[in-house]
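Here is a quick tour for anyone meeting this structure for the first time. Have a look at it, then read on.

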Amino acid sequence: MMKNRGSLITMTLYLLFLLIPIYWLINMSLKTNTEITSTFSIYPQTFTFANYVTILTDPSWYMGYVNSMIYVVMNTVISITVALPAAYAFSRYSFMGDKHLFFWLLTNRMSPPAVFALPFFQLYSSIGLFDTHIAVALAHCLFNVPLAVWILEGFMRGVPKEIDETAYIDGYSFPRFFIRIFMPLVASGIGVAAFFCFMFSWVELLLSRTLTAVNAKSIAATMTRTVSASGMDWGVLAAAGVLTIIPGALVIYFVRNYIAKGFALGRV
Amino acid sequence: MEKTQNNKAWFLVLPVLIVVAFSAVIPLMTVVNYSVNDTFGQNDFFWNGLGWFEEMISSDRMHAALGRQVLFSAIILAIEVPLGIFVALNMPKKGFWASFCLVLMALPLLIPFNVVGTIWQIFCRIDIGLLGHSLAAIGIDYNYTNDALDAWITIVVMDVWHWTSLVALLCYAGLQSIPQAYYQAAKIDQASRWSVFRYIELPKMSGVLLIAVLLRFMDSFMIYTEPFVLTGGGPGNSTTFLSIDLVKMAVGQFDLGPAAAFSIMYFLVILLVSWVFYTVMTTLDAQETK
């Protein structure tokens with residue numbers, strides 16, 4: 001129970017502030033376009049799923065989701081795979097240039113994608129990867145690999161080093177120790193890192209829009225071009241927005257205690 | 001944790017190095033190249049020295065974009081940080097309601113940036129939006145697509161909506177780590193609510209708060225998608241922040257040299273702030289292990 005009336009009021013107001021715009025989006029997605037432009041109502045009067053049907057049956061819409069999913073999953077797999085051993089090295093060993101390298105990774109997480117948009121376009125065009133899923137997946141590695149390394153390092157430093165030493169004494173080789181013993185111990189960290197890689201790749205617009213044209217066009221890019229002959233298609237746009245929120249909203253409950261930690265790059 | 005000296009650890013780091021170098025160093029070197037070269041087309045480049053840098057440093061366009069950017073970051077920090085702390089202090093400490101608040105508060109953080117823009121577009125338009133329509137109904141002249149001030153207010157409110165939860169969640173994590181004994185001691189001393197906040201909660205939160213401020217500064221400093229979707233940088237140039245201006249220059253007008261010089265200076269600012277961030281992080285780690 002809330003501790004007093006003041007807190008209750010504050011939290012209610014704040015949560016309402018957060019939820020009303022989202023409610024409005026859902027409301028819009030369930031209206032017909034004529035209703036949206038002609039009448040003003042706070043709930044749908046002619047309740048319709050037509051906007052969702054449009055998205056799920058029109059390839060130019062649903063392929064946006066498929067393309068986004070493909071490059072996001074590719075990116076998450078690449079990021080976690082390369083980040084796991086590196087994070088282990090950063091958490092356990094000191095080696096020449098480790099601090100510089102760790103800092104350099106951070107600068108990549110922090111660098112504005114706008115700086116990289118044009119060079120990425122030229123780089124991937126010149127090696128014939130323009131408009132492919134792997135191009136976007138690799139481009140997103142720019143900020144997701146450093147993110148994964150930092151988050152995983154934050155979790156791994158919590159695992160006592162004695163566990164490694166005991167395992168080596170028991171005759172485990174490094175790969176076997178890492179996969180059989182260490183990875184289960186940091187499973188929650190891997191989950192959180194994967195979630196954040198997924199999220200940041202899923203929400204990114206600029207690079208995915210610059211690097212794709214038709215075959216690998218992302219849902220975010222599709223959504224920025226919804227002006228049809230009869231003006232803006234608000235209903236469909238709103239429905240697309242709702243569908244884009246769903247992946248994050250589904251897993252939010254499981255990562256709720258780690259959201260602060262993930263955004264703070266494994267610190268906190 | 002004591003770390004073992006072992007240079008073979010480089011082999012474990014190598015994959016990361018290769019992947020990130022491919023997507024960071026090569027493009028960055030391209031940018032450096034463009035920034036010191038000029039061209040008349042046909043991929044025929046010649047040395048231009050620091051010409052572009054001089055041009056950009058004295059260009060009104062960059063000054064204006066930088067000014068808007070700094071103003072924007074300052075405003076959102078001034079709103080989000082106090083509001084975030086306030087919300088964190090009022091959050092329930094445990095039980096069902098704590099989870100309930102956590103989940104709802106995290107929701108805006110995980111919405112794709114372009115959808116955030118779309119949500120606010122739909123919410124604020126005077127013809128179809130709840131907010132825009134209601135404001136018009138009570139006689140307030142509000143139109144974010146025509147009026148620069150309205151556009152600014154909308155973007156600031158949108159950013160507050162989007163990111164205050166992050167500050168709140170980080171502060172909340174800091175608050176959770178304060179042992180109950182501190183509060184009991186304060187109670188015995190009959191400390192006021194304010195002194196509890198000032199002398200117990202704020203010092204204990206200072207670390208996470210610093211992280212929150214730096215993160216918000218960095219992210220607001222490279223904001224692109226939300227204003228791009230909401231206002232497209234307009235009306236006029238009034239909400240053209242650094243990233244939007246840079247993309248306009250590089251991809252829109254294909255002014256490679258100036259855009260590259262612009263990028264390098266932009267990147268140097270980010271590098272500086274990253275360094276502050278890194279120093280803060282390592283200092284905090286050192287304090288923890290003590």
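## Chain A at a glance

Of the 268 residues in chain A, 59% are buried, meaning under 20% relative accessible area with a 1.4 Å probe and protein chains only, while exposed means over 50% and partly exposed lies in between. This is a predicted model, where local features need pLDDT of at least 70, side-chain atom pairs count only at pLDDT 80 or more, and totals for chains, interfaces and linings use all residues. Residues are numbered from 1 along each chain as its sequence is written, chains are lettered from A and ligands numbered from 1 in the order written, and side-chain values use heavy atoms, leaving out hydrogens and water.

The C-alpha trace of chain A spans about 75 × 60 × 30 Å along its principal axes.

## Two helices that cross

Helix 4 (residues 59–92) and helix 9 (residues 174–185) of chain A pack at an angle of about 90°, their axes 13 Å apart. That makes helix 4 of chain A roughly perpendicular to helix 9 of chain A, a label for angles of 65 to 115 degrees. Helices here are DSSP runs of H or I, at least four residues, numbered from the N terminus.

L250(A) sits in helix 13 (residues 234–255) of chain A. It counts as exposed because its relative accessibility is 61%.

Over in chain B, W97(B) belongs to helix 4 (residues 96–109). W97(B) is partly exposed, at 34% relative accessible area. Its C-alpha atom is 40 Å from that of E2(B), 95 residues away along the chain.

Note on methods:
Axes are lines fitted to C-alpha atoms, for helices over the stretch in contact, and angles run from 0 to 180 degrees between N-to-C directions. Angles under 35 degrees count as roughly parallel, over 145 as roughly antiparallel, 65 to 115 as roughly perpendicular and the rest as oblique.
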